[in-house]
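Dear colleague,

I am handing over the structure we spoke about, and below it you will find what came out of looking through it. Please read the notes with the structure open beside them.

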Amino acid sequence: MSSLMKGTAILTIGLFLSKLLGLIYIFPFYAIVGEENIVLYNYAYIPYNIMLSIAIAGLPIAVSKFVSKYNALGDYDAGRRLVKTGALLMTLTGVAAFILMNLLAEPIANIVIVDEEQAFSVEQIANVIKWVSYALIVVPFMSLVRGYLQGYGHYLPTSVSQLIEQLIRIVFLLGGAFIVVNVFDGSIITAINLSVFAAFIGAIGGLVTLFYFWKKLRPEIKAVQVIAPKQYQLPYTTMYKEIFKYSIPVVFVGLGSSLFQLVDMLTFNRAMIASGISAEITDTYFTMLNLLTQKIVMIPVVLATGFSMAIIPTVTKFFTEGNLQQVHNAMDKTYQVLLFITVPAAIGISILADDLYHFFYSYSEMGTQVLSHYAPLAIFFALFTVTAAILQGVDYQKWVVFSLLAGLFVKTILNTPLIHLMSVDGAILATALGYITTIVINIYVIHKVTNYKAKVALRRILLIILLTVLMACAVLLTHMALTAIAPATSKLLALIYAMVCAAVGVVIYGTISYKLGLAQLLLGDKLTKIARKLRLVK
């Protein structure tokens, strides 16, 4: 059990660092290419993320689960045959995804560009989608190798290769864009094409890292593998049916955010122009909504889900054992930890949107408004991730697919009419209603399957909301006082104001929750030791 927890910890840390890097690189990239140009980058990555999720089909988790299951049964040959045939299959899948994305590039661009006054042409958007598609050739095969090694209990290769992949991608992306724009005085379009091609360069780096680990671990793996006689071999049809059963729900969870963004990508510009907004600025508004503000909002979501997802394996374990009381306890804690971190962070970002957007990007009234209104959606993003994971833990994966499709249906039918009524806020509201639909279905199914009653969790969630209101009042008053003394006219002043207000919020929220015992209850006794070391308590 300790080795499993250690492996999960290694994987979680690697994934967290990789995701964090994937969020923060956008700030220097924005400074290099500018607000009006970064939209082109966004138009490439939304379809790429969807195609990538489909191409790898949740492979690392599915293969890991399959290999570890059959290894435990003593059938090491099943995993060997899977990786042998899967290597060819994933290579073909990657090439097919690459070709398909190239074929779809122009049709997608034609949907996005509805007016000649928009910032970019159909050809420019089609080209940038084609440039990012090269990564699809490499990533599916790499995912297969990651899953196979995880199946043998080796989590470090996945963690390290993900981190190396992300680091190489970001260095190439930022370095390439900077050299093109500032050294060679080249075209911004060239810089962005090079930046999206960085996904392919990063994938090569991740693959090389995996081959290093493969070579190192191969003797150990081969030592336990015995080629089974043909009559005892697991049929390939059974093998791949099982893989698809494991992988499809994982794909849908991973696709959630990208599919909601795709709805915006295909409808936002058309709806905005139809409602009378100038075609010259709709691209910029779209980027504010689906890239710039989202990168800020997702930071607390990654932190919160990182804390709470660590509890999910416990849910799976106790449900398998039939111990529903322990399942309820683990779920109570999961929801509370998640909301204890996400709710105050989301409201804090909303209040400090002016300073945060100014510091990370540039001063913008519209950017501030979008960030302020979009920030509370962090709570829904986090709840979707965790409720979907719990459903997988209790083996009700099909409902994850159904609930997400229901949420997407709500988003799709409401997006255009709400944009006509409320402009950018309409797209935000449609996303919120879509996620609420998905979360309500997930929670209802969890309640039915596990007979879960959230009385304890609801009481503590109400307390979290009350503490957040007190914190929000303190932060708002502090911010009003600071801006009354001197408005934040520079990035430095915006950063100072944001840090001072955030510190006030943390102190108020942290102190009251600590005095009430809520913080220790949710985050553990180690919090008391840290507080004593910092001399915050006796």
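**Aromatic pairs and the core**

Y212 is exposed, with a relative accessible area of 51%, where exposed means over 50%, buried under 20% and partly exposed in between, computed with a 1.4 Å probe on protein chains only. Its partner in an edge-to-face aromatic pair is F213, at 5.3 Å centre to centre and with 75 degrees between the planes, and F213 counts as buried at 10% relative accessibility. Rings of Phe, Tyr and Trp (its six-membered ring) pair if their centres lie within 6.5 Å, and planes under 30 degrees apart are called stacked, over 60 edge-to-face and the rest tilted.

Please keep in mind that this is a predicted model, in which local features need pLDDT of at least 70 and side-chain atom pairs count only at pLDDT 80 or more, while totals for chains, interfaces and linings use all residues. Residues are numbered from 1 along each chain as its sequence is written, and side-chain values use heavy atoms, with hydrogens and water left out.

A search of the whole structure finds 27 aromatic pairs. One of them joins Y45 and Y48, whose ring centres are 5.4 Å apart with planes at 80 degrees, so this pair is edge-to-face. Y45 counts as buried at 11% relative accessibility, and Y48 counts as buried at 5%. Ring pairs also link F27, Y30, Y357, F359, F360 and Y361 into a cluster.

Leaving aside neighbours within four places in sequence, F29 is in contact (heavy atoms within 4.5 Å) with I38, Y41, L173, L174, A177, I192 and S195.

Best wishes
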